[in-house]
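Here are some reading notes for a colleague who is meeting this structure for the first time. They take up the strands, the helices and the domains in turn.

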Amino acid sequence: MRIDVVSLFPEFVEQMAGHGVVGRAVERGLLSVHGWNPRDHAEGSYRRVDDRPFGGGPGMVMMVDPLRACLAAVRAADPVPAHVVYLSPQGRRLDQARVRALAGRERLVLLCGRYEGIDERLVAAEVDEEISIGDYVLSGGELPAAVLVDAVARLQEGALNDAESAAQDSFESGPDGQRLLDCPHYTRPVEHALGKVPEVLLSGNHAAIARWRRQQALGRTWLRRPDLVDPEALSRTDRALLEEFLDQAAGAGDSGGKTPL
Ligand code: 9D3
């Protein structure tokens, strides 16, 4: 897969392509990430890429022509047709289903805005899809682009080691379509001033451990992300596990103020 990132700070997104899972995917030839700066395609000695908004108001708007010339160069760099994504607060919110769909494309171009955003005529003419990463205000599309590159890189065949296997991730649904948060994790030492490791994890009883982890995952998801759990869709075993979890939490005086099952 090839990803081209158009940004006034192309080094930013390219940097991350040298580290961690993304870096390894690049080393393994599963992914390439290329940065492009629209300023390199701007005219005149000022190399201007932004201008004041028509209609007035604060801030600046990224001009059509430097971006259009830059995008033309990006498209010409490879014959594979590109799916062009504009990272923007007005976009559809990114989720794992969108990530999966984008990860299946052969080529992505990620457009990062700065200032108030990009002239709408460029968006209408060149952009296939607008994506936001959530309802909070950032200073530009570079962090969102980095988020997308990371999420998409993890899904490239061969990018993850067995230990990192994507199939086990929260937000990758299980066979029943349920997406659950992860269970708690512990490592050495067994005894610590901050507390002990739950006994069951030291028992060597793999069935009991699997049951405990499933119960923890169900319980935390119910308490922290009720939007992810459809009680009707739970299997009888999961329902029983969750009821037991909530009984124990209530016994410990820890209702969390959340909806009973
Ligand atoms: C404070 C500026 N706002 C005026 C009402 C609008 C605004 C313009 C540009 C807000 C943020 C941005 C820059 N953000 C992005 O380019 C962006 C973003 C984000 O801010 N949050 C979540 N996802 C994304 S994707 C791109």
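1. Strand β1 (residues 2-6) runs parallel to strand β6 (residues 107-112), and 5 bridges join them; within this pair, Arg2 stands opposite Arg107 in β6. Strands pair here if DSSP finds at least two bridges between them, while helices (H or I, at least four residues) and strands (E, at least two) are DSSP runs, numbered from the N terminus.

2. The model is a predicted one, in which local features need pLDDT of at least 70 and side-chain atom pairs count only at pLDDT 80 or more, whereas totals for chains, interfaces and linings use all residues. Residues are numbered from 1 along each chain as its sequence is written, and side-chain values use heavy atoms, with hydrogens and water left out.

3. An open sheet of 5 strands, paired in parallel, has the order β2-β1-β6-β5-β7. Because β2 (32-36) and β7 (129-132) stand at the edges with a single partner strand each, one side of each is left without a neighbour in the sheet. On average, neighbouring strands of this sheet are turned by 30° against each other, direction ignored. Helix α3 (residues 64-76) packs on the sheet and touches β1, β2, β5 (83-93) and β6, its direction making about 160° with that of β6. Contact means heavy atoms within 4.5 Å; axes are lines fitted to C-alpha atoms, for helices over the stretch in contact, and angles run from 0 to 180 degrees between N-to-C directions.

4. How do helix α4 (residues 96-103) and helix α6 (residues 142-154) pack, and at what angle? Their axes are 9 Å apart and the angle is about 70°, and α4 and α6 are therefore roughly perpendicular to each other (the term covers 65 to 115 degrees). Val99, Leu102 and Ala103 in α4 meet Leu148, Ala151 and Val152 in α6, a contact with 6 nonpolar, no polar and no charged residues. Ala, Val, Leu, Ile, Met, Phe, Trp, Tyr, Cys and Pro count as nonpolar, Asp, Glu, Lys and Arg as charged, and the others, Gly among them, as polar.

5. The axes of helix α7 (residues 206-224) and helix α8 (residues 236-251) come within 9 Å and cross at roughly 70°, which makes α7 roughly perpendicular to α8. Among the residues making this contact are Leu218 and Trp222 of α7 and Leu241 and Phe245 of α8; by class, the contact has 7 nonpolar, 3 polar and 5 charged residues.

6. The protein chain is divided into domain 1 (2-153) and domain 2 (168-251), with bounds that come from an automatic or database domain assignment. The C-alpha centres of domain 1 and domain 2 lie 38 Å apart.

Technical notes: Parallel < 35°, antiparallel > 145°, perpendicular 65-115°, else oblique.
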